[in-house]
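Here are my notes on this one, as numbered points. Have the structure open while you go through them.

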Amino acid sequence: MTVYFIGAGPGAADLLTLRADALIRRCGVCLYAGSIVPKEVLANCPADAEVMNTARMPLDEITATIVKAHAEGKDVARLHSGDPSIYSAVAEQARRLTAAGIDYEIVPGVASFSAAAAVLGHELTVPTVGQTVILTRVSGRASAMPEGEDLATLGTSKATLCIHLAAHDIDRVVAELLPNYGADCPTAVVAYASRPEQQIVRGTLSDIAQKVKDAGISRTAVIVVGAVLGAEGFPDSFLYSDDRPRDDQGRTIPCVH
């Protein structure tokens, strides 16, 4: 018996990986994280599978459900939105499974920031403009941010920021970023990326807060801040350069100093 922590992606069922889809189709128990995992993603659960919404289940109850499935020899598909490596609360569950001697495997999925970038039509790393992406959030009820990871500190890098779980606190986000990024910095907010109810708001740090409020966005959104969103006139990537030394397979030949 194995518990599969599955990245269910940003919402669209056809963004599930082939591995995720195959596991959903065969696992005898499916635990999913409430409305952030759309019903379309659950459509291929086996007809006789136990399918449970864990949105209101305490962690100990979720663990007990998994332990029961283990005793019955049933594999568990544990669905989380996006990719399990980011803000999925997998670590707490994995810790308990290890203590209980239950095997688990993590199955990657399409992350919400990737889906947001896709619907915006932007690469998040642009030559000479921005080559660093920071995935972060703000302190809130869920947990406090570690010292030195506040937006004001991270903003000194002027890197592209993908801020999760913060649309409800957009005024605070703007206030903390303005000193480092400036009022004209391109900013976008994508809610429910890839889903039918998807919303996209574009602007700058000077007007994005009001636009987000006017759109009624307060959750399930990614805030993207950085010069890459408005980049123009940048040089082509070295990948396409005629000066790039290549072997007969097109791979870059390392320079020898």
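1. Gly121 sits in the loop between α4 and β6; helices and strands here are DSSP runs (H or I of at least four residues for helices, E of at least two for strands), numbered from the N terminus. With a relative accessible area of 63%, Gly121 is exposed. The cut-offs are under 20% for buried, over 50% for exposed and partly exposed in between, using a 1.4 Å probe and protein chains only. Gly121 is 68 residues from Val189 in sequence, while their C-alpha atoms are 13 Å apart in space.

2. Some housekeeping. This is a predicted model, so local features need pLDDT of at least 70 and side-chain atom pairs count only at pLDDT 80 or more, whereas totals for chains, interfaces and linings use all residues. Residues are numbered from 1 along each chain as its sequence is written, and side-chain values use heavy atoms, with hydrogens and water left out.

3. Now the backbone angles. Thr128 has a positive phi, near 65 degrees, and is not a glycine. Thr128 belongs to the loop between α4 (112-120) and β6 (133-136), and its 65% relative accessibility makes it exposed. Lys158 is another non-glycine with a positive phi, about 60 degrees. You'll find Lys158 in the loop between α5 (151-154) and β7 (160-164), and at 53% relative accessibility Lys158 counts as exposed.

4. Is Arg195 buried or exposed? Buried, because its relative accessibility is 11%. Arg195 lies in the loop between β8 (186-191) and β9 (199-204). A polar atom of the Arg195 side chain is 3.3 Å from the backbone oxygen of Ser35. That pair is a polar contact (N or O atoms within 3.5 Å; within protein, one able to donate a hydrogen and the other to accept it, and residues adjacent in sequence counting only if both atoms are side-chain atoms). Neighbours within four places in sequence aside, Arg195 is in contact with Pro10, Gly11, Ala12, Ser35, Ile36 and Pro38, where contact means heavy atoms within 4.5 Å.

5. On to helix packing: α2 (residues 59-71) and α3 (residues 90-100) pack at about 45 degrees, their axes 11 Å apart. Axes are lines fitted to C-alpha atoms, for helices over the stretch in contact, and angles run from 0 to 180 degrees between N-to-C directions. The angle makes α2 oblique to α3; under 35 degrees would be roughly parallel, over 145 roughly antiparallel, 65 to 115 roughly perpendicular, and the rest is oblique. On the α2 side the contact is made by Leu59, Asp60, Ile62, Thr63 and Ile66, and on the α3 side by Glu92, Gln93, Arg96 and Leu97. By class, that is 4 nonpolar, 2 polar and 3 charged residues (nonpolar: Ala, Val, Leu, Ile, Met, Phe, Trp, Tyr, Cys and Pro; charged: Asp, Glu, Lys and Arg; polar: the others, Gly among them).

6. Then look at α6 (residues 170-181) and α7 (residues 208-215), which pack at about 170 degrees with axes 9 Å apart. This makes α6 roughly antiparallel to α7. Ile170, Asp171 and Val174 of α6 meet Ile208, Ala209, Val212 and Lys213 of α7, giving 5 nonpolar, no polar and 2 charged residues.

7. Overall, the protein has 7 helices and 10 strands, and 43% of its 257 residues count as buried. The C-alpha trace spans about 60 × 55 × 35 Å along its principal axes. Of the contacts between residues at least 6 apart in sequence, 67% join residues at least 24 apart.
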